[in-house]
Amino acid sequence: SASSGNLTIGPNGTVNLSRSDPYNQSSLTALTVTNHGTINYTGGELRVGNQVCSHDCDPNSIGLINNGSLNISATNANFGDKVVNNGTIKITDTNVSFNRGLENNGAYISDPSTNRFASLVIGTNGYLQGGVGDAFVVSGDFINGSTQAALWNTRGASLTLYGYQPLIFDYGDVTNQYDFAWGTLEINGNFTLSGTGDLYVDNLI
C-alpha cells in the first residue's frame, strides 16, 4: 500500500491492485495519481483524491490523470476527485463512480458495467463504447465534443440523465444516422438539449 501523496507511474510501470479475501488486499491511497503506464484494479482499495468533502470543495480538483491504461474489473470503484482520461479506461463487470466527473479525451470502454458520473465531458479525441448491459448514468452536464463517431459505439447501451438544477445535454455533432446513438435514453430532470443533427435512440423513457 501507499500513503497519501502524489504518485506518477512511468510508461513501463504497472500497478496491480487485487483482493484475494477480506484480510488480504492491496490498497493505494494518493491525493493525485498520474498514470503513463498500466493500472490493473481487480479489488482491494483504490482511494484517489478527496473521497469525502463536506464544504468548500473545488469541483475542478483532479485526483487521477490517466495517460496510459486503467483497467477496472469485477469490483466497485469510487473516485473522489475529478478524473481526466487521455488514454484508455476499460471497465469490466464493475460499478464505478466518478464523484466529481470525468473528462474523457481518449477511449472509455464498458463491458458490461454500471458507470456513474457527476458530469461527463467528452473531448475532441474522446469516445465511449458500450453494449447491452452497459449503463451510463450522469447526474450533471453531459457535453459531447467528440469527432470520433467512427469509434464511438453505444447503440446497445443505456444513458440515464438526472438532476434538478438546469443542466446541459449536448449530444454532439451528428452527421450520419447512428453517430453517437444510444439504445435507451432516460431523462429525469431539467436538461437543455443541444447538438447538431438528429440524435438516434431506440428507446426513449
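This is a predicted model: local features need pLDDT of at least 70, side-chain atom pairs count only at pLDDT 80 or more; totals for chains, interfaces and linings use all residues.
Close-up 1. T154 has its place in strand β22. Neighbours within four places in sequence left aside, the residues in contact with T154 are L128, Q129, G130, F180, A181, W182 and G183.

**Close-up 2. Surroundings of L128.** T154 is also one of the contacts of L128. Again leaving aside neighbours within four places in sequence, L128 is in contact with N104, Y108, L120, I122, F136 and F142, and also with L151, W152, N153, T154 and W182. L128 belongs to the largest nonpolar core, which is the subject of the next view.

**Close-up 3. The largest nonpolar core.** This core has 44 residues. Those that touch the most other members are F79, Y108, L128, F142 and L159. The element that gives the most to this core is β22, with six residues. In soluble globular proteins, nonpolar side chains tend to be buried together.

Close-up 4. Strand β22 covers residues 154-173. Strand β20, residues 135-138, pairs with β22 in the parallel sense, over four bridges. A135 has S158 as its bridge partner in β22. Strand β21, residues 142-144, also runs parallel to β22 and is joined to it by two bridges. For I143, the bridge partner in β22 is D170.

**Close-up 5. Strand β22 and its pairing with β23.** Strand β23 covers residues 182-196. β22 and β23 run parallel and are joined by twelve bridges. F169 stands opposite L193 of β23. In a regular strand the side chains alternate between the two faces of the sheet.

**Close-up 6. D179 in the loop between β22 and β23.** D179 lies in the loop that links β22 (154-173) and β23 (182-196). D179 is buried but has no salt bridge. R155 carries the nearest side chain of opposite charge, and R155 is 9.9 Å away. The side chain of D179 does reach the backbone nitrogen of N176, at 2.8 Å. With neighbours within four places in sequence left aside, D179 is in contact with A149, D173 and V174.

Key:
Residues are numbered from 1 along each chain as its sequence is written. Side-chain values use heavy atoms; hydrogens and water are left out. Buried means under 20% relative accessible area, exposed over 50%, partly exposed in between (1.4 Å probe, protein chains only). Lys and Arg count as positive and Asp and Glu as negative; His and the chain ends are not counted. A salt bridge is a side-chain nitrogen of Lys or Arg within 4 Å of a carboxyl oxygen of Asp or Glu. A polar contact is a pair of N or O atoms within 3.5 Å; within protein, one must be able to donate a hydrogen and the other to accept it, and residues adjacent in sequence count only if both atoms are side-chain atoms. Contact means heavy atoms within 4.5 Å. Two strands pair if DSSP finds at least two bridges between them. A nonpolar core is a set of buried Ala, Val, Leu, Ile, Met, Phe, Trp, Tyr and Cys residues joined through side-chain atoms within 4.5 Å.
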